[in-house]
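Here is a report on the fold and overall dimensions of one protein chain. Look over the sequence and structure before reading on.

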Amino acid sequence: RFNSLLASAATSHTITHSLGTKNVLVQVMEEATGNTIFCDVQRSTVNAVVLGFGVATTANAYRVLIVRA
(Lines give C-alpha, C1' and ligand atoms only; values in the text may rest on other atoms or scores of the structure.)
Protein backbone atom coordinates (compact mmCIF):
# COMPACT_ATOMS: atom_id res chain seq x y z
CA ARG A 1 0.00 0.00 0.00
CA PHE A 2 0.99 3.62 -0.54
CA ASN A 3 -0.13 7.01 0.73
CA SER A 4 1.18 10.52 0.25
CA LEU A 5 0.16 14.15 0.40
CA LEU A 6 -0.18 15.98 -2.91
CA ALA A 7 2.59 18.45 -2.11
CA SER A 8 2.19 20.85 -5.04
CA ALA A 9 -0.60 22.97 -6.49
CA ALA A 10 -1.47 21.53 -9.91
CA THR A 11 -4.31 20.14 -12.04
CA SER A 12 -2.37 16.93 -12.74
CA HIS A 13 -0.29 14.83 -10.35
CA THR A 14 1.81 11.81 -11.33
CA ILE A 15 2.11 9.48 -8.35
CA THR A 16 4.74 6.74 -8.33
CA HIS A 17 3.51 3.97 -6.03
CA SER A 18 5.90 1.14 -7.08
CA LEU A 19 3.30 -1.59 -6.45
CA GLY A 20 4.13 -3.39 -9.71
CA THR A 21 0.57 -3.65 -11.08
CA LYS A 22 -2.18 -1.59 -12.70
CA ASN A 23 -4.66 -3.46 -10.47
CA VAL A 24 -4.76 -0.79 -7.78
CA LEU A 25 -7.54 1.00 -5.91
CA VAL A 26 -7.00 4.75 -5.73
CA GLN A 27 -8.74 7.18 -3.39
CA VAL A 28 -8.09 10.86 -2.76
CA MET A 29 -9.18 12.46 0.49
CA GLU A 30 -9.19 15.99 1.83
CA GLU A 31 -6.61 16.07 4.60
CA ALA A 32 -8.54 18.48 6.87
CA THR A 33 -11.92 16.71 6.78
CA GLY A 34 -11.27 13.15 5.62
CA ASN A 35 -13.88 13.60 2.86
CA THR A 36 -13.39 11.69 -0.38
CA ILE A 37 -12.43 13.84 -3.36
CA PHE A 38 -13.39 12.67 -6.83
CA CYS A 39 -10.90 13.12 -9.66
CA ASP A 40 -9.82 11.42 -12.88
CA VAL A 41 -7.50 8.46 -12.35
CA GLN A 42 -5.28 7.06 -15.10
CA ARG A 43 -3.28 3.94 -14.35
CA SER A 44 -0.40 4.98 -16.60
CA THR A 45 2.09 2.21 -15.76
CA VAL A 46 2.37 -0.71 -13.35
CA ASN A 47 4.12 1.65 -10.94
CA ALA A 48 2.34 4.99 -11.40
CA VAL A 49 -1.03 6.70 -11.64
CA VAL A 50 -1.94 10.16 -12.91
CA LEU A 51 -4.58 12.12 -11.00
CA GLY A 52 -6.46 14.84 -12.88
CA PHE A 53 -8.43 17.67 -11.30
CA GLY A 54 -10.71 20.29 -12.90
CA VAL A 55 -9.01 23.05 -10.91
CA ALA A 56 -5.55 23.21 -9.36
CA THR A 57 -5.25 21.54 -5.98
CA THR A 58 -3.90 23.40 -2.97
CA ALA A 59 -0.51 22.13 -1.81
CA ASN A 60 -0.78 19.56 1.02
CA ALA A 61 -4.61 19.74 1.11
CA TYR A 62 -5.21 16.25 -0.33
CA ARG A 63 -3.86 12.78 0.40
CA VAL A 64 -3.79 9.92 -2.11
CA LEU A 65 -4.27 6.38 -0.85
CA ILE A 66 -3.35 3.49 -3.15
CA VAL A 67 -3.68 -0.22 -2.43
CA ARG A 68 -2.97 -3.27 -4.53
CA ALA A 69 -6.21 -5.00 -5.54
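The protein chain exposes about 4200 Å². Carbon and sulfur atoms supply 48% of that area. The model is predicted. Of the 69 residues, 30% count as buried, that is, they have under 20% relative accessible area.

The overall dimensions fit a globule. A compact globule with 69 residues would have a radius of gyration near 11 Å, and the protein chain agrees because its value is 11 Å. Along the principal axes, the C-alpha atoms fill a box of roughly 30 × 20 × 15 Å.

What secondary structure does the protein chain have, in helices and strands? There are 0 helices and 7 strands. From the N terminus on, the elements therefore read β-β-β-β-β-β-β.

| Strand | Residues |
|---|---|
| S6 | 48-52 |

S5 and S6 pair in the antiparallel sense over 4 bridges. Which residue of S6 is the bridge partner of Val41? The partner is Leu51. Strands of a sheet pair through backbone hydrogen bonds, either parallel or antiparallel.

Definitions and conventions:
Residues numbered from 1 in each chain as written. Predicted model: local features only at pLDDT ≥ 70, side-chain atom pairs only at ≥ 80, totals over all residues. Heavy atoms only, no water. Pairing = 2+ DSSP bridges. Helix = DSSP H or I, 4+ residues; strand = E, 2+ residues; numbered from the N terminus. Rg over C-alpha atoms; globule rule 2.2 N^0.38 Å. Buried < 20%, exposed > 50% of the residue type's maximum accessible area, 1.4 Å probe, protein only. Areas by Shrake-Rupley, 256 points an atom, 1.4 Å probe, with all protein chains shown as cover.
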